[in-house]
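Thank you for making time for this.

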Amino acid sequence: MTDHRPLIASLLQQLTTVIVGKDDVLRDAVTCLLARGHLLIEDLPGVGKTTLAHALAHTFGLRFARVQFTADLMPSDLIGAAVYDRARQDFVFHPGPLFTQVLLADEINRASPRTQSALLEAMEERQVSVDGITHALPEPFFVIATQNPFEQLGTHALPESQLDRFLMRLSLGYPDREAERALLRGEERRALLQRLPAVVDAEGLQRLQRAVDAVGVSDALLDELQALLAATRDGRWFVHGLSPRAGIALLQAARARALVAGRDYVAPDDLHDVLIPVAAHRLVPAAGAGRDAAGQVRALVQTLVG
């Protein structure tokens, strides 16, 4: 197996020059992209969500588009529309900003449910249909969506079926004192982004993704995964358990985490490392749990592992 660790280390090192003091979040974000997943970043305004999305696109050498989601954003503003061309005497499709390799859907929960659904359908199918004609999206295609906390004004919560389209949900949080001091003393992040070179290109990223697919999974690891899935479904921990699709997503994320660690097989630690970012946004704790979803997942793993 080719050792991809030097390349992945270079990717992570460059990202840390822009997003300071958040190494774990950066590793999760890179894991998500290598696993061909879409990423949801949920946090307060101003903590670096948009900067992270820009940095990922620059570092992976991918075409980038940003759409600010607002209450009046229509699906056609995102997908594009067929416009009548008098010279051709026919309708010609004009692609919208969705036709890129990395789409930053900024503040996705400020758009109407109709526009949210249009985006999330494209994420799942990786194509759109306009007037009965199907248009394939570019490869690779990633959506990095940001959303503000639900208690803020003008937000529309994503339904569970739409949250399930995101492989991972991450939160940056406030920087620690040392990282914040570096931000205050350092160069403005936007200026840094403009100078970021591409560490890898689209073809290189796709090679890494194929390497993720080749990471081995033992029967013992599958036994552990199935035991975990069954535990989420028994009604003691969560209202509803993880679906088979969530189980597949969890395994793919664990494969990507193993590749980041330089292994050609999935270890139990890989599964545990990605469990909260992959599973927590898909689960609702049972009544009286006294914990949020992430805390409940953590408690479940501790019970199972002993």
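Helices here (H or I, at least four residues) and strands (E, at least two) are DSSP runs, numbered from the N terminus. Please keep in mind that this is a predicted model, in which local features need pLDDT of at least 70 and side-chain atom pairs count only at pLDDT 80 or more, while totals for chains, interfaces and linings use all residues. Residues are numbered from 1 along each chain as its sequence is written, and side-chain values use heavy atoms, with hydrogens and water left out.

Let me begin with the salt bridges, each being a side-chain nitrogen of Lys or Arg within 4 Å of a carboxyl oxygen of Asp or Glu. Searching the whole structure gives 15 of them. One of these joins D24 to R27, with the closest N and O atoms 3.1 Å apart, and both residues sit in helix α2 (residues 23–34), separated by 3 residues, or about one turn of the helix.

A second pair is D213 with R36, at 3.0 Å from N to O. This pair links distant parts of the chain, since D213 belongs to helix α9 (residues 202–213) and R36 to the loop between α2 and β1 (39–42), 177 residues apart. As for accessibility, buried means under 20% relative accessible area, exposed over 50%, and partly exposed in between, with a 1.4 Å probe and protein chains only. D213, at 38%, is partly exposed, and R36, at 32%, is partly exposed.

Because R245 lies in helix α11 (residues 244–260) and D164 in the loop between α6 (160–163) and β9 (168–170), the pair ties together parts that are 81 residues apart in sequence. Which of the two is buried? D164 is, at 14% relative accessibility, whereas R245 is partly exposed at 39%. Both also belong to a salt-bridge network that links E124, D164, R165, R245 and R282.

The angle between α2 and α11 is about 115°, and their axes are 8 Å apart, where axes are lines fitted to C-alpha atoms, for helices over the stretch in contact, and angles run from 0 to 180 degrees between N-to-C directions. The contact, meaning heavy atoms within 4.5 Å, is made by R27, D28, T31 and L34 of α2 and by A253, A256, R257, L259 and V260 of α11.
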